Amino acid sequence: LTQKPVDYATVSMGRAGSTKNTNGALSDEKGSFKIENIAPGSYRLTISFLGYQTKTLTMVKTTPQKPDLNLGVILLSPNLKSLNEVVVTGEAAVVENKIDRLVYNAERDVTVGGGNATDVLRKVPLLSVDIDGNVSLRGSQNILVLINGKPSGSMANNIADALKMIPADQIKNVEVITSPSAKYDAEGTSGIINIITKKRNAEGVNGTVGGGLGIRQNNGNANLNIKKGRLGLTGNIGGNGSWPQTTGVAVNRTDATGNPTFIQQSTSETYRLGYRGSVGLDYDINNSNSVSSNLTFNEMKNKFDGDVFSTIYANGSSIAANSNTDRTMRMNGFDWNTDYTHKFKKSGQEISFAGQLTQNKNIQDYTTLYTGGFRPNEIGNNDAKNQELTFQTDYAQPFKKLTFETGLKAIIAVHNTVLGPALGGTRMWAYNNEVDAL
């Protein structure tokens with residue numbers, strides 16, 4: 001009737017003849033929308049907005065010769081029904097496309113229950129996870145992983161192992177930020193993965209206990225939330241462990257006449273055990289001021305024990321060389337965050353002050369003993385301890401069509417490292433103490 005644009009109208013897209021939606025978008029302030037990376041074919045578009053009749057376009061077709069399609073002006077008719085009362089209820093979609101990020105609502109997907117963060121990330125569009133748990137964004141592993149919008153010391157050493165310590169039942173959603181603003185550090189040029197954990201706001205006391213038992217790995221977690229008035233307390237702990245896994249490898253080499261030249265048999269046993277927990281406090285001083293503090297602690301342990309039996313045949317004689325390797329990796333640490341936020345009367349205008357203390361230890365010890373042959377024994381003890389103290393302030397000022405953000409950040413880092421390995425049973429040590437400020 002007015003020919004005015006309808007902003008924030010929901011546009012859902014699916015294959016023609018199907019009722020399932022596979023993609024979509026929201027219209028902007030000019031009533032325009034764009035859905036990209038669509039394969040040629042026939043589609044159905046459904047456009048809906050509160051107070052207007054739903055519009056369905058059944059034959060939207062693109063071809064390889066004309067992959068781009070301009071639908072022109074689409075008019076929506078107002079819904080003239082008179083209602084006594086309107087009750088709006090709804091649930092967030094599993095995947096949401098926003099202006100600068102893609103959001104995967106893990107709590108809406110029951111198929112990830114009983115797993116860990118690695119299982120959750122396998123379900124997130126744009127991300128891929130290989131068999132070892134390494135995460136890549138659009139084919140690149142140059143990414144930054146955040147927990148509740150902040151860096152974590154547990155992610156500094158081995159992201160794949162750290163993700164296994166986070167139970168899937170503790171994850172609320174995962175944000176894939178493909179166009180990070182200046183608020184984030186210049187790490188992860190391919191994008192940022194922000195894992196947001198659950199926090200209950202319901203008044204009273206509530207909690208959950210869950211777990212999963214499998215033939216390869218096991219998970220367990222527990223959550224407790226207390227909310228009374230303006231004060232909220234949260235606590236959770238979760239663990240992940242694998243059964244001992246035995247691997248055997250046999251190698252047999254012969255010459256052209258069938259005589260053996262090299263025979264090797266190896267067996268190894270590995271297991272993994274880790275846990276992650278946190279306690280937090282939130283207090284709303286009033287409608288404009290709030291303070292929160294959260295302590296997260298974690299520990300991860302991998303152990304490997306393997307034997308190798310080798311025989312080399314040459315010139316009618318044989319040489320036997322055997323080895324035994326015992327390797328242990330331990331990683332533990334904590335992150336302590338304290339934040340203060342002041343919200344101004346204007347919606348979206350706020351200033352925040354934050355501090356974070358991170359400590360992380362990484363211990364990698366191994367011993368390899370040789371019998372036969374001519375190789376000396378090897379002993380390696382590699383210990384590293386990192387501490388970081390971060391201060392940050394951020395200010396956001398919204399305007400009519402844009403938002404201005406600015407901030408300051410200071411990082412004081414101390415790295416202590418004791419290095420190996422040593423050969424021939426003699427240990428060689430190197431000590432490094434470094435202080436960085438940014």
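These are my notes on a few things I looked up in a predicted model of a protein chain.

**Entry 1: the whole chain**

I began with the secondary structure and found two helices and 24 strands in the protein chain. The chain has 438 residues, and buried residues make up 31% of them. I then looked up the accessible surface, which comes to about 26900 Å². Carbon and sulfur atoms account for 54% of that surface.

Next I asked what share of the contacts with a separation of 6 or more comes from residues 24 or more positions apart. The figure is 57%.

**Entry 2: strands β3 and β4**

I turned to strand β3, residues 41–48, and strand β4, residues 55–62. In which sense do β3 and β4 pair, and over how many bridges? The pairing is antiparallel and runs over six bridges.

**Entry 3: residue D383**

I looked up D383 and found its place in strand β21, which covers residues 378–398. Is D383 buried, partly exposed or exposed? Its relative accessible area is 32%. Buried means under 20% and exposed means over 50%, so D383 counts as partly exposed.

I also checked D383 against D365, which is 18 residues apart from D383 along the chain. The C-alpha atoms of D383 and D365 are separated by 8.2 Å.

Conventions:
Residues numbered from 1 in each chain as written. Predicted model: local features only at pLDDT ≥ 70, side-chain atom pairs only at ≥ 80, totals over all residues. Heavy atoms only, no water. Helix = DSSP H or I, 4+ residues; strand = E, 2+ residues; numbered from the N terminus. Buried < 20%, exposed > 50% of the residue type's maximum accessible area, 1.4 Å probe, protein only. Contact = heavy atoms within 4.5 Å. Areas by Shrake-Rupley, 256 points an atom, 1.4 Å probe, with all protein chains shown as cover. Pairing = 2+ DSSP bridges.
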